[in-house]
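Good morning, and thank you for the time. I would ask you to look at the structure on the screen while I describe its parts in turn.

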Amino acid sequence: MGKVLIIGAGGVGTVVANKVAQNSDLFTGIMLASRTKSKCDTIAEDVKRRTGVTIETARVDADNVPELVSLMNGFKPELVINVALPYQDLTIMDACLEAGVHYLDTANYEPKDEAKFEYKWQWAYREKFEKAGLTAILGCGFDPGVTSIFTAYAAKHHFDEIHYLDIVDCNAGDHGKAFATNFNPEINIREVTQKGKYWENGEWVETEPHEIHQPLTYPEIGPKESYVIFHEELESLVKNYPTLKRARFWMTFGQEYLTHLRVIQNIGMARIDEVEYNGQKIVPIQFLKAVLPDPGELGENYTGQTSIGCRIKGIKDGKERTYYIYNNCSHEAAYKETGAQGVSYTTGVPATIGGMMFMKGLWKKPGVYNVEEFDPDPFMDQLNKQGLPWHELFNVDLEV
Ligand code: NDP
């Protein structure tokens, strides 16, 4: 049990605030802090109305370590749940070290001036967290997060060796807009326009963006064209499961989405460097974010569901086995419960469960860890209780 400081008041922050309040037996004090305090206040009022639980709010610039340290020293949280942007990971980790607070996030660090996400920057904090006796839990959303825990669960219970891993992420929802991203547009567009990359026979294989694709069939949804992209959990999973011969990540995109994306790139609006405009410097992708629909506002008219899971092939008792574990999440149900759509929900619920694992002392060890390095069982149990039930299929055609 202990106090929690949530940083970031976007779609994911909304869900974390709701779910943490629903579990206020473990989270004995809650503060929501972000760049714009009014957004925190709106969320806190909504959570109070839904759950009766009071959330304190504060303004903080999470790029500024002294500001963060002073906020932490004032509120004295046990744990920070960082659901701001990946750019803030290192400053928040620095502040946690200074104030003696444990840390959890859902996305790995990315420098603002380079569309490149890698764990190396955060893994470099391992010794500092160990020495300080503090736990840092990295990548505790859905993907990364639940997909990594699904893999850990499969490796623990169903396989002696896992050989082939295909993480499959389908959003079959419809938000009624011509083009919108489901989470922060800047981070999302940087992620999906990168070159593809997957692991095979001990090395990374690079592809052109969206070069490899095929239809995959998703439960209760049907076939959807799916594309191999690089996704951050692959980096830690191939390290933690060295028996993997191949590991890939697939994501569904509609034709309309891809056409918009191509145009955005071709006209230079995906650029992350500064350009001169009317005597002022602007970053095109940041300007684009300002005119695109706010992902946090998509929920009201969002229908359909997401389906994310792991398709695994490996060996059990000397025999080859295939295994598919997945969760389907309804956008409408997510909105009804928390006021946010399914993509924010599938990220915010696991972040909260990670916080619960920490508060219960189950996921607590000094150092910096990816989620698959902890015991998956109590987390899997909570997924069923907190709104993200999972299903298993054995010896099915994995299609990949
Ligand atoms: P949003 O853009 O909706 O929200 C981000 C929030 O962080 C906003 O409230 C923003 O403030 C705040 N923020 C940004 N910069 C600062 C700063 N310097 N100081 C304080 N607050 C700041 O993003 P989402 O909620 O959609 O996503 C949140 C995180 O979740 C991202 O890191 C994203 O990558 C991650 N994510 C992870 C997924 C997973 O499955 N693992 C899936 C989806 C998202 P303001 O409101 O003022 O702009």
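In what order do the seven strands of the open sheet stand? Please keep in mind that this is a predicted model. The order is β3-β2-β1-β4-β5-β6-β17, and the strands pair in parallel. At the edges stand β3, residues 56–59, and β17, residues 367–370; each has a single partner strand, so one side of each is left without a neighbour in the sheet. From one strand to the next, the twist averages 20°.

Strand β4, residues 79–82, runs parallel to strand β5, residues 102–105, and four bridges join them. As an example, L79 has H102 in β5 as its bridge partner. Helix α3, residues 65–75, packs on the sheet, where α3 touches β1 (2–7), β2 (27–34) and β3. The direction of α3 makes about 155° with that of β1.

I now turn to the protein chain as a whole. How many helices and strands does the protein chain have? The count is 14 helices and 18 strands. The C-alpha atoms fill a box of roughly 55 × 55 × 40 Å, taken along the principal axes. For 400 residues, a compact globule would have a radius of gyration near 21 Å; the protein chain has 20 Å, and the two values therefore agree.

The next topic is the division into domains. Domain 1 covers 2–138, while domain 2 is made up of 146–339 and 387–394. Taken over C-alpha atoms, their centres are separated by 24 Å. Domain 1 provides 14 residues to the contact, and domain 2 provides 13 residues. On the side of domain 1 that touches domain 2, α1 gives the most, with four residues. By class, that side of domain 1 has six nonpolar, five polar and three charged residues.

Finally, I come to the ligand. Which residues around the ligand are the closest? They are G10, V12, A62, G141 and F183, out of 34 residues that surround the ligand. Both domain 1 and domain 2 take part, since the shell draws at least three residues from each. By class, the shell around the ligand has 15 nonpolar, 14 polar and five charged residues.

Thank you for your attention.

Definitions and conventions
Residues numbered from 1 in each chain as written. Predicted model: local features only at pLDDT ≥ 70, side-chain atom pairs only at ≥ 80, totals over all residues. Near = placed C-beta within 6 Å. Nonpolar A, V, L, I, M, F, W, Y, C, P; charged D, E, K, R; others polar. Domains from an automatic or database assignment. Pairing = 2+ DSSP bridges. Helix = DSSP H or I, 4+ residues; strand = E, 2+ residues; numbered from the N terminus. Axes fitted to C-alpha atoms, helices over the stretch in contact; angles between N-to-C directions. Contact = placed C-beta atoms within 7 Å. Rg over C-alpha atoms; globule rule 2.2 N^0.38 Å.
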